[in-house]
Amino acid sequence: MALSPDVVLKDLKAKKFAPIYFLQGDEPYFIDLITDFIEKNAIPEFERGFNQLVLYGKDSPISTILNNARKFPMMAERQLVIVKEAQSIPDLGKEEAQKLLVSYLTNPLPSTILVFAYKHKKLDGRSSLKKELEKKSVFVESEKIKDWNLTQWVDGYFKGLGHQIEPKACQLLADSIGNNLEVLTNEVGKMLINFPEPTKFSTEHISKFIGINKDYNNFELSKAIGFKDVIKANQIIHYFIQNPKAHPVIPIFTLLYNYFTKVALLHRLGPLPENQLASAIGVNPYGLKEYITASKNYKLGKVIDVFGYIKEADLRFKGVDSGSMDEGEILRELVYKILH
């Protein structure tokens with residue numbers, strides 16, 4: 001059975017190490033987080049020169065990996081073997097190599113910690129190798145954080161570091177950076193260097209230290225559109241067009257699609273208590289009023305039209321019936337059609 005990264009990290013922090021870890025999935029952040037923790041904590045620093053080995057998948061067939069795993073530690077309790085970029089192991093898809101690995105899974109060397117960091121991919125769920133790994137190793141599925149869960153994850157990330165973040169600032173970060181956790185955590189890390197003491201972060205902090213404009217960003221654009229604030233929406237679009245590298249259109253299309261999906265859900269759900277509505281559409285309760293306002297401004301028929309406008313804009317960006325329109329003109333036309 002696959003375990004969540006949080007469960008595995010909790011055990012690791014309690015110094016509970018297993019003989020074999022297989023970390024796979026589309027989200028490299030959690031794979032790196034677990035791998036780095038093991039690399040820094042499984043073996044005392046003074047023993048690492050003799051008892052810690054890092055291999056890379058493309059240069060390491062299964063036989064090489066297992067030969068190293070079967071070695072005994074030198075004057076130490078354990079050794080660590082990490083296979084980075086394990087998705088590139090040249091013979092992992094071959095039956096003979098899989099038999100070798102399954103054999104080792106059945107009888108691993110207790111003094112070895114063997115870690116496979118298998119990024120951006122997953123093993124075939126029907127394969128016997130995956131089934132054996134799930135039974136006989138610490139098997140982790142590292143999944144992308146869904147857009148509707150991202151603000152909750154960001155809030156928890158700050159709390160885990162001993163800080164807090166205001167809901168609006170949390171939304172600003174999530175909407176502006178998206179669910180690329182490596183980029184998001186790197187940007188937050190740069191900011192936190194300036195705050196050694198526990199701090200509650202606001203949009204002003206995000207604007208000053210991460211460089212996300214608190215007035216002209218994806219979050220404010222969707223809000224302006226939801227409120228049918230034509231002037232504000234056009235000001236933001238103008239700012240985006242002047243800074244195209246910082247504001248690519250594809251994330252904006254995705255944001256608007258997700259925004260109007262929530263509005264469509266409100267139409268479908270009808271009158272319910274606010275806490276139920278917020279939970280059903282995946283937003284913080286404080287932000288629900290914005291979506292309720294948007295649902296009043298955009299009847300269901302118009303919302304359906306908006307999905308069509310977004311699809312049309314996406315196709316034009318990809319060169320379908322775009323004529324001489326550039327990226328900025330496509331975005332400007334999309335927002336105009338939504339608002340009018």
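The largest cavity in this predicted model has a volume of about 40 Å³, and a search of the whole structure returns 1 cavity of 30 Å³ or more. Its lining is formed by Tyr 309, Glu 312, Ala 313, Arg 316, Ile 330, Glu 333, Leu 334 and Lys 337, with helix 16 (300-317) and helix 17 (327-339) each contributing at least two residues. Classified by residue type, this lining comprises 4 nonpolar and 4 charged residues, and no polar ones.

Among the pockets, the largest has a volume of about 880 Å³ and is lined by 39 residues, with Ala 174, Asp 175, Ser 176, Ile 177 and Gly 178 lying nearest its centre. Two or more lining residues are given to this pocket by each of helix 7 (150-160), helix 8 (167-177), helix 9 (181-192), helix 11 (218-226), helix 13 (249-269) and helix 15 (288-297); the largest share, 6 residues, is supplied by helix 13. The lining of the largest pocket divides into 18 nonpolar, 16 polar and 5 charged residues.

For the second largest pocket, the computed volume is about 370 Å³, and the lining consists of 13 residues, of which Asp 6, Leu 9, Lys 13, Leu 33 and Tyr 157 are positioned nearest the centre. By class, the lining of the second largest pocket contains 8 nonpolar, 2 polar and 3 charged residues.

How values were computed
Residues are numbered from 1 along each chain as its sequence is written. This is a predicted model: local features need pLDDT of at least 70, side-chain atom pairs count only at pLDDT 80 or more; totals for chains, interfaces and linings use all residues. Side-chain values use heavy atoms; hydrogens and water are left out. On a 1 Å grid over the protein atoms alone, a cavity is a set of points where a 1.4 Å probe fits but cannot get out, and a pocket is an open set with protein on both sides within 12 Å along at least five of seven lines; lining residues have an atom within 4 Å of a point. Grid points are joined across faces, edges and corners, and a volume is the space filled by probe spheres set on the points. Helices (H or I, at least four residues) and strands (E, at least two) are DSSP runs, numbered from the N terminus. Ala, Val, Leu, Ile, Met, Phe, Trp, Tyr, Cys and Pro count as nonpolar, Asp, Glu, Lys and Arg as charged, and the others, Gly among them, as polar.
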